[in-house]
Amino acid sequence: MRKLAVKESKLFNQELEQFVSSIRAGREREIARAITLLEDQDPLSSKIMQLLYQNYSKGYLIGITGPAGSGKSSLLNLLVKEYLKKTEEKIAVIAVDPTAQQSGGAFLGDRIRMKELYANKQIFIRSMASRESLGGVNAAVYDTAVILAAAGYQKVIIETVGVGQTEIDIVSLTDTTIVVTVPETGDEIQIYKSQLIEIGDIFILNKSDLPQAAKMELLLKSLFALEKSDSLFQKRSAALEWEKPLLKTSALNNQGIAAVVEAINEHFNYLQKNNILAENKNKQLKKHLLNLLLSRVTQKFSKKFKEEAKLEDYLAKILVGEAAPFQLIEEFVDNNLTN
């Protein structure tokens, strides 16, 4: 492969192959730069990923989701510390934060909360902005995991900001999904989301020392039983079945964390034993391709829509009753798909 010269401002005056070699060697500066280029959709990121995908690998992806205020970040902080006691593996954390309105970047809240771990060379922490991406996922998340795997991070933990469709789509890219809930008013509604029950592999009842914990525990167990009675679930689970554990923790009192790590290890062994990790690799890559397609098509159509100044014309037609919104968008899409 011929050498490709790149600009100093982009890749520290390194040639592309040298830059990618630095990523594979685990150099944090190059890893961080590659992720930034990916998030910014810089043309160089495409060349970087082309080289990384020549020896495509992925780490073990763990997703953590749950409603805001459920203590996900505190749990994650304790989880990583527990892992550090038991393993020398390199662990990466991708914290998908809300998008800052003015800068378009992440709020970086998790970096602040995990400041004790930030200097540890065994850990890499990256906050990424959700950017309100259509398709329910920041399209850079999966390729970021590929970059981190190439850099030698065996475990990649993805933490989401809440339990909306964006978060559900993100954790559907992972191998093990942890759903965190708390026994506080409002969670009853959140946990009823059937997708959360379906995609969750490990459920955590955090703040389990609160008085309402018993009520939430009963609700969760009844939902598990309801899922098992469903005919579709029975068909899916005819050959293989993972018993979803419900673990009680208190991040405030550092209780139950070791049990969570043990459950994650058990789920990993279950996935490995039944060859599900290999199946997941294909499923995740398919979903990533669809996410990229949706992201790129949306960007191109939106740009063209704005460039042609159609918006004001369409508004005028709608307001005088000449057309309906769906009709105009359908017409715009059909015209541009055939061009």
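The model is predicted: local features need pLDDT of at least 70, side-chain atom pairs count only at pLDDT 80 or more, and totals for chains, interfaces and linings use all residues. Residues are numbered from 1 along each chain as its sequence is written, and side-chain values use heavy atoms, with hydrogens and water left out.

Six aromatic pairs were found. Rings of Phe, Tyr and Trp (its six-membered ring) pair if their centres lie within 6.5 Å; planes under 30 degrees apart count as stacked, over 60 as edge-to-face and the rest as tilted. The ring centres of Trp242 and Tyr270 are 5.4 Å apart and the planes stand at 40°, so this pair is tilted. Trp242 lies in the loop between helix 13 (231-236) and strand 7 (246-248), and Tyr270 in helix 14 (residues 257-273), so the pair ties together parts that are 28 residues apart in sequence. Helices (H or I, at least four residues) and strands (E, at least two) are DSSP runs, numbered from the N terminus.

The structure holds nine salt bridges, each a side-chain nitrogen of Lys or Arg within 4 Å of a carboxyl oxygen of Asp or Glu. Glu217 and Lys248 meet in one of them, at 3.4 Å from N to O. This pair links distant parts of the chain: Glu217 is in helix 12 (residues 213-229) and Lys248 in strand 7, 31 residues apart. Glu217 is buried at 17% relative accessibility. Lys248 is partly exposed at 46%.

Glu82 and Lys86 form another salt bridge, at 3.3 Å from N to O. Both lie in helix 5 (residues 72-86), four residues apart, about one turn of the helix. An α-helix has 3.6 residues a turn, so residues three or four places apart point the same way. Glu82 is buried at 11% relative accessible area, whereas Lys86 is exposed at 53%.

Arg27, Arg29 and Glu30 are linked in a network of salt bridges. The closest N and O atoms of Arg29 and Glu30 are 3.6 Å apart. Arg29 is partly exposed, at 45%; Glu30 is buried, at 0%.

Helix 15 (residues 276-307) has 32 residues. Its buried residues include Ile276, Asn280, Gln284 and His288. Leu315 lies in helix 16 (residues 310-319) and is partly exposed, with a relative accessible area of 39%.

Methods:
Expected span 1.5 Å × (residues − 1). Buried < 20%, exposed > 50% of the residue type's maximum accessible area, 1.4 Å probe, protein only.
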